[in-house]
Amino acid sequence: MWIDTHCHLDAHEFGAESTDIARRAEELGVGMIVIPAVARDNFDVVRKLAGGLPNASYALGIHPIYVPQATDDDLAELRRQVEASLSDPRFVAIGEIGLDFFIPMLCEPAMREKQERFLREQLRIARDFDLPVLTHVRRSQDQVLKHVRQIRPAGGIAHAFNGSFQQAKAFIDAGFHLGFGGAMTFTRALQIRRLAVDLPLESIVLETDAPDISPAWVHPGRNSPEQLPAIGAALAEMRALDPDAVRAATHANALATMPRLAALLG
């Protein structure tokens, strides 16, 4: 099956369609959608959504874009909820966490410091509970790597990867897989396409980041997990492989980076 390792199926852009979208994606061969949380107020939302779908699981974390309004109590609550969720087979990772040094407000010194503090605490939670992390690395690959190397969670995914080959190798050496999706379908995205072709296939997982990062044939419209098979086929064409080979490899890679997902799928 295809596995969408990063999809915000709870986003307001989907309205009341989330269940129908997941069903249509399943009919197209998307056997699992991982739904990461972004803030304390949607921990229960993603848990409930994933629990009501046969082809969904979830992660818990505080996204860097939501760090400005987050509090230390939110971190404490995340730790409590992670511990309580270990009995839920659909809980598979810590995420979405990381650093964002693209948005100007988040680049201010005080906010950079707060982002890094929140990232470090969430990496500690992942390490303490032996969970992988789904990391946001927008213009922050080296900084995220620094903290990952120091705290050493149980692997994870560098989501929407757009770094250098050297950074890619560093994440791989740290036990991470690299997430690729709609961005690589644009012919002008030369660096991402080179990475998608030249990196070892065993280092790649597929994702949509829906409703964002639509593939070229949907842009600028709303992305959806229904697009994942076509995104996978695009990667197969770029690498001169059969789509079934890409599907099998990226499926295995997703299970390798998220052992609880492997247990869920049996």
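Tutor: A residue counts as buried when its relative accessible area is under 20%. The model under discussion is a predicted one.

Student: Why is Glu 116 called buried?

Tutor: The relative accessibility of Glu 116 is 17%. The limit for buried is under 20%, so Glu 116 counts as buried. The residue belongs to helix α4, which spans residues 109–128. Neighbours within four places in sequence aside, Glu 116 is in contact with Leu 99, Phe 101, Lys 146 and His 147.

Student: What makes Gly 51 exposed?

Tutor: Exposed requires over 50% relative accessible area. Gly 51 has 52% and therefore counts as exposed. Gly 51 is part of helix α2.

Student: How does one classify Asp 130 and Ala 160, as buried, partly exposed or exposed?

Tutor: Asp 130 has a relative accessible area of 61%, so this residue is exposed. Ala 160 has 31% relative accessibility.

Student: What is stated about the backbone at Asp 130 and at Ala 160?

Tutor: Asp 130 is not a glycine, yet its phi is positive, at about 55°. Ala 160 is likewise not a glycine and has a positive phi of about 50°. Asp 130 sits in the loop between α4 and β5 (133–138), whereas Ala 160 sits in the loop between β6 (156–159) and α6.

Student: Which peptide bonds are described as cis, and with what omega?

Tutor: The bond joining Gly 95 and Glu 96 is cis, with omega of about 10°; Glu 96 is in strand β4. The bond joining His 219 and Pro 220 is also cis, with omega of about 5°. Pro 220 belongs to the loop between β8 (204–206) and α8 (228–238).

Student: How do you know that strand β3 is largely enclosed by the rest of the structure?

Tutor: Strand β3 covers residues 56–60, and five of its five residues are buried, so the strand is largely enclosed. In a regular strand, side chains alternate between the two faces of the sheet. In β3, one side carries Ala 56, Tyr 58 and Leu 60, the other Ser 57 and Ala 59, and all of these are buried.

Student: What makes β2 and β4 pairing partners of β3?

Tutor: Pairing requires at least two bridges between two strands. Strand β2 (residues 30–36) is joined to β3 by four bridges and runs parallel to it. Val 34 faces Ser 57 of β3. Between these two strands the chain passes through helix α2 (residues 43–51), and this β-α-β crossover is right-handed. With β4 (residues 91–100), β3 has three bridges, again in the parallel sense; here Ala 59 is opposite Ala 93.

Student: Why are β1 and β8 called edge strands?

Tutor: The open sheet has eight strands in the order β1-β2-β3-β4-β5-β6-β7-β8, with parallel pairing. Strands β1 (2–4) and β8 each pair on one side only, and these are the edge strands. From one strand to the next, the twist averages 30°. Helix α2 packs on the sheet and touches β2 and β3, its direction making about 165° with that of β3.

Student: What joins β6 to β7?

Tutor: Three bridges join β6 to strand β7 (residues 176–180), and the two run parallel. Gly 156 has Phe 176 in β7 as its bridge partner.

Student: Why are helices α5 and α6 called roughly parallel?

Tutor: Helix α5 (residues 141–151) packs against helix α6 (residues 165–173) at an angle of about 20°, and the axes are 11 Å apart. Angles under 35 degrees count as roughly parallel, and therefore α5 is roughly parallel to α6. Their crossing is left-handed. At the contact, Gln 141, Asp 142, Val 144, Leu 145 and Arg 149 of α5 meet Gln 167, Ala 170 and Phe 171 of α6.

Notes
Residues numbered from 1 in each chain as written. Predicted model: local features only at pLDDT ≥ 70, side-chain atom pairs only at ≥ 80, totals over all residues. Heavy atoms only, no water. Buried < 20%, exposed > 50% of the residue type's maximum accessible area, 1.4 Å probe, protein only. Right-handed = clockwise from strand over helix to strand, strands pointing away. Axes fitted to C-alpha atoms, helices over the stretch in contact; angles between N-to-C directions. Parallel < 35°, antiparallel > 145°, perpendicular 65-115°, else oblique. Left-handed = near helix turned anticlockwise from the far one by under 90°. Contact = heavy atoms within 4.5 Å.
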